[in-house]
Amino acid sequence: MKCVIAGGNVKVLGRAVHSLSRIGDELYLEPTESGLSLRAVNSSRSAFASFLFAPLFFQLYEPGSAGPDTELFRCKVHMKSFLGVFRSLPSLEKSVGKCLILLKPCASRLVLQLHCKYGVTKTHNLAFQECERLQAVFDTQHCASRLCAPARLLAEAVVHFPPTLAEVTLGTGPGGKISLRNYVEDEAEPSKTMVTELCLAEDEFQSVAVAPGSHITFCLKEFRGLLSFAEASNLPLTIHFDEPGRPVIFTLDDTVLEVHLVLATLSDLESKSQSPSTNGVSHLPAPSDDFADDLESYMAAMETSEGCSEGPPSPTFPLHTPQPAKSKPQEEEQEEEEEEEGEGAVPGTPPHKKFRSLFFGSVMTPGRPGPTTTQEVLAEDSDGES
């Protein structure tokens, strides 16, 4: 893979890397015929971001060649290493004329060259690791609510919340107002809790199509990262969401750029008890038919590799052959479930106890070492105290 980025687009790429650095510790690069894809996912699999740069974004774009039975090479690099190349955005704009990105699979090196003023060339050789395809499975067409607003409007709204705030609630109010409010735990004492709520009129948005009384709670850190990119790029931000517990999807669309940010949302305990088949981790031996129907109602089918004859495994459990369940007392089963949940806890955002995990699919490249069937992964909910 070889691509050349010229002029102000170098800074745009740098902003994208800064935004992705708020998501995860690894950067996934996948050159395709439709453009270069940069992706990141957090450790708890509750946040996923994807930047797809079209070939027109580059001065030169060569994704590489692939055989009839093989796919284009994809890799992942350490986020800090890649971010170090674009750390100073003002310096990129003032001194860098163009950037060359060269992927050398044989040498196991990702080369980034910055061609600066006065004939100075900075070359960075980054080690990479060949990886699977990482893709969050979602479908914006099945979301019941949709908002579209200038990025500046939302950026000026979230600036009123402290930087240490972890979660924010987006909801609809009377008169068509859209509100942003800091999330407060139910068990928090009212006398010791400060609530900040900002209401936006419907006419401040470019388009509003929301279900009355709907609301979702999501992590603010990753949202701030996308807002900073959207505001600097002067692009409108579209929010697709459904009921609490289902992923919220933020999108940016341009002629040379396509951005998706998918975040897990806080599940509503009441709706969860009424409809246990919604998207989330279940501790049943196998997902019910209701679970599969509900999952397919808002998530796109994951691409499967050729030759896969068996159906996808249960997204709730690891990939192994299911064993017949033995009869045990109910108390012992509950204790084992609690132990399994504790072992699977992952520190970080979002709050572990109530957030639903995202549904991910990863596909190994045919013809390379490793399994050739599609693997579907659903990160377990963590039960640690937030």
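Which residues does Y61 touch, not counting residues up to four places away in sequence? Select Y61 together with K2, C3, P31, T32, G35, L36 and P55, the residues that Y61 touches beyond that range; contact means heavy atoms within 4.5 Å.

The model is predicted, so local features need pLDDT of at least 70 and side-chain atom pairs count only at pLDDT 80 or more, while totals for chains, interfaces and linings use all residues. Residues are numbered from 1 along each chain as its sequence is written, and side-chain values use heavy atoms, with hydrogens and water left out.

Remain at Y61, which lies in strand β5 (residues 60–62); strands are DSSP runs of E with at least two residues, helices are runs of H or I with at least four, and both are numbered from the N terminus. Y61 has a relative accessible area of 14% and is therefore buried, that is, under 20% with a 1.4 Å probe, protein chains only.

Next, select F53. Leaving aside neighbours within four places in sequence, F53 is in contact with V12, L13, A16, S34, G35, L36, L38, F58, V256 and L257.

Finally, display helix α4 (residues 151–158) and helix α5 (residues 220–233). In α4, the residues A151, R152, L154, A155 and V158 meet L220, F223, R224, L227, A230 and E231 of α5. By class, this contact has eight nonpolar, no polar and three charged residues; Ala, Val, Leu, Ile, Met, Phe, Trp, Tyr, Cys and Pro count as nonpolar, Asp, Glu, Lys and Arg as charged, and the others, Gly among them, as polar.

Definitions and conventions
Axes fitted to C-alpha atoms, helices over the stretch in contact; angles between N-to-C directions. Buried < 20%, exposed > 50% of the residue type's maximum accessible area, 1.4 Å probe, protein only.
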